[in-house]
Structures are given as C-alpha cells and as structure tokens.
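Please examine the structure shown below and follow the explanation with the model in view.

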Amino acid sequence: MKKRALFAALFLLLSGALGLLAAASGGTAADPLISLSYLNGTFTQTALDRIEAQRERGSAAPAAFAESWTETRLKSGDVLSGSTGTLILPLAGSLRASFFSGAVVDVTEGTEIPSGSLLIPMHRYLTAEDTAVFFTVESRTAVLDYQGPYAFSLSSATDYNAIAEALRSIGLFRGSLTGYGSGFDLEAAPTRLQALIMFIRLLGEEDAALAYTGATPFTDIQPGSEPARYVGYAYSMGYTNGYTKTTFRPSQKVNAYQYVEFVLRALGYSSTGTTDLTGTLDRAAECGVLTAGEAAALAKETFLRADLVYVSWYALDAQLSGTGQTLRRALTDKGVFTDAAYQAAAAGLGSPQRP
C-alpha cells in the first residue's frame, strides 16, 4: 500500500504538469497531447493496478525497482529496459527510445513520442501502461536519472566512465562543478585549460603548479586564480607558448591532435617547437601511446573528455623517451600515486580489448 500511495502522488504530480497543456488542447491525432482526464483516470488507475499486481505476483518485468530518482552513468550500447510507470530523465549524452506498442510520454512537453525518438536532455519521460520500452545509449557515454521498474543490459563497448573513475582514484582526474555524473563531463569537448592541467598531472608536477606564484603574460587569464597558477607554471617551464604572445584562450576546445601532442611532450617525444601536428597521431602510434586503430578513430571522431581520459590512462603504460621506463613508473617514483592504488584502479577496468 505504501508503494501505491507513492505512485498515486507521483502520477498526480505528472498530471498537474500536463494539466494546462491538456486543458487547452484535449489532444487529437494531429496534436497528441495527453488529456488531463485520461491521466487522472484511465492511465493512472491502470498503471497503478498493473504495477501493484506485478509486484504482488513477484513477476514484474523488469524485475528491479527504484523507489526514488537514481542516477547512473552508462556507455555506448547499454540499454535500460522500462515498463509501466518507468520514469527517465536524460542528463547528458544521447539515448533512443524503442517500443513496439503502447506509449512513452515526454512529460516536459506534454506529448507522446514515436518509437525511435532520441530523448531530449533534461526532459522527463514516462512509460505508459502496456508498454515495454528500451532506452539505448547511442553516444560514447551518457548520464541519466531513472525511477520505477527497470532492468539494465550492458554492452561490451569501451567503458570511458570506468576509466575516468580509475584516473580519479589515483589523483590524475577531477570532475568539474557539474552537479551530475560525478562532474566527469565526458560528453563535452575538453578545453585548452583542461588539456594543459591534465598534461601537468601526467608530468607529476601538479603540486608545483599549484604552488606557483609568478606572473603570466596572458591577458585572458585572471591573475591570482587557480588557472593562472597552472598556466603561469606551464609557461615558465616552457611547456606552452600560449595561443598568441598575450592570450591563452583557456576556454577554446582542443582536438585529438592537440591533446595527444601534449601527451607526447609529457613522454619526451615532442616539444613546443613542434608546430605541424598533422602527423601527431601517427607518431603516437609509433611510440606505443596509441594503437593504429585508436589513432584512426581519433582522427575521425569529435574529441571529447571521454577520449581525453582514455588516452591519458593508456599513456601511463607508454615508455618515456630514451629511458625504458613507463610513465606510470615515473609517477609512482615521484609519489603521485602508489603501485597498489594503480593496481586497484586497473582491476576495476577488467581486461578491455584495445582496437
């Protein structure tokens, strides 16, 4: 009975959200707004009855049930299956809804969506009665909230979320101020500032950068700020020349060539004197930083923070130029993280196959 009351309150709230739209239109075949009377009457009662009956029989499909909004990070090809009463709120990434019959309602818009629709981020979607729906991730990563009956089917695609978590556990990756998905923002393109910070971490010099108190010649970096310490330190060490003599352009997006060039500098295979980056990905493959398949993929795809963490993680096992020592060993020797911490982080990734 407690769950019946919970769902009654939930559906009444959803009905209220649709009420003004429904009252104004009533819904037609050409404009399929969900009517208020339908939500308050047939839909609500049928949904509640079916959910309660399934739970009492112990035969609900999907079998799991989220009593309140629950957040999760997913990867390409992962599927969340829903049934009557499942609520979805996509926060980032691309998901597609597929169902053979019934209806899925975009509660934010007050309309039904056709099967095969891409979900709009920050819109709430409700699975109607007699509907089995599959929400499939089409982007490399996605973040969503869900509530009600659900089940997950996970793909074997590259788990960028797990890689980001592994890097964070050894202190090489931090989230942003975004309030969901641990702030990883893997669906966004990295900026020049973010790429530079990651480069400094791969050098094992973040503490030195944060302690930097000198000036920077770049007028688009606020003096005394944390970015000013990273950028000023990198400039003083000859790691970056800026975008121009007086600007750094911290918010400008970087591509795969630019970030991999940073990684090659960290490994000793390049320097700021390299201005032609057209061969960067090929050089990275020759140096063992990337596989040929990874280099080819990075050349074709939009470079995202998901790719940044991927390249950074596997760069740890690449050898520093002329030393025979891996970057990972150099960082453990500097005390950036322990070997035990690395092994624990790597264990969480399983044994993924690199292309």
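About 40 Å³ of space lies in the largest cavity of this predicted model. A search of the whole structure finds 2 cavities of 30 Å³ or more. Rolling a probe the size of a water molecule over the atoms shows where empty space is left. The lining of the largest cavity is formed by Arg-73, Val-143, Asn-161, Tyr-180, Gly-181, Phe-184, Asp-185, Leu-186 and Glu-187.

Attention may now turn to strand 2, which spans residues 79-82. Are its faces covered or open? Both faces are covered: Val-79 and Ser-81 are buried on one side, and Leu-80 and Gly-82 are buried on the other. Strand 2 is joined by 4 bridges to strand 8 (residues 133-137), and the two run antiparallel. Within this pairing, Val-79 has Thr-136 as its bridge partner. Strand 2 also pairs with strand 9 (residues 141-153), again in the antiparallel sense and over 4 bridges. Here Ser-81 stands opposite Ala-151.

The last stop is Ser-115, located in the loop between strand 6 (111-113) and strand 7 (125-127). Its relative accessible area is 38%, and Ser-115 is therefore classed as partly exposed, a term for values between 20% and 50%. Which residues does Ser-115 contact, leaving aside its neighbours within four places in sequence? They are Ala-97, Ser-98 and Phe-99. The side chain of Ser-115 reaches the backbone nitrogen of Phe-99 at 3.0 Å. Phe-100 lies 15 residues from Ser-115 along the chain, yet the C-alpha atoms of the two are separated by 7.4 Å.

Terms used. Residues numbered from 1 in each chain as written. Predicted model: local features only at pLDDT ≥ 70, side-chain atom pairs only at ≥ 80, totals over all residues. Heavy atoms only, no water. 1 Å grid on protein atoms, 1.4 Å probe; cavity = no way out; pocket = protein on both sides within 12 Å on 5 of 7 lines; lining within 4 Å. Points joined across faces, edges and corners; volume = space filled by probe spheres on them. Buried < 20%, exposed > 50% of the residue type's maximum accessible area, 1.4 Å probe, protein only. Pairing = 2+ DSSP bridges. Contact = heavy atoms within 4.5 Å. Polar contact = N/O pair within 3.5 Å; in protein donor to acceptor, adjacent residues only side chain to side chain.
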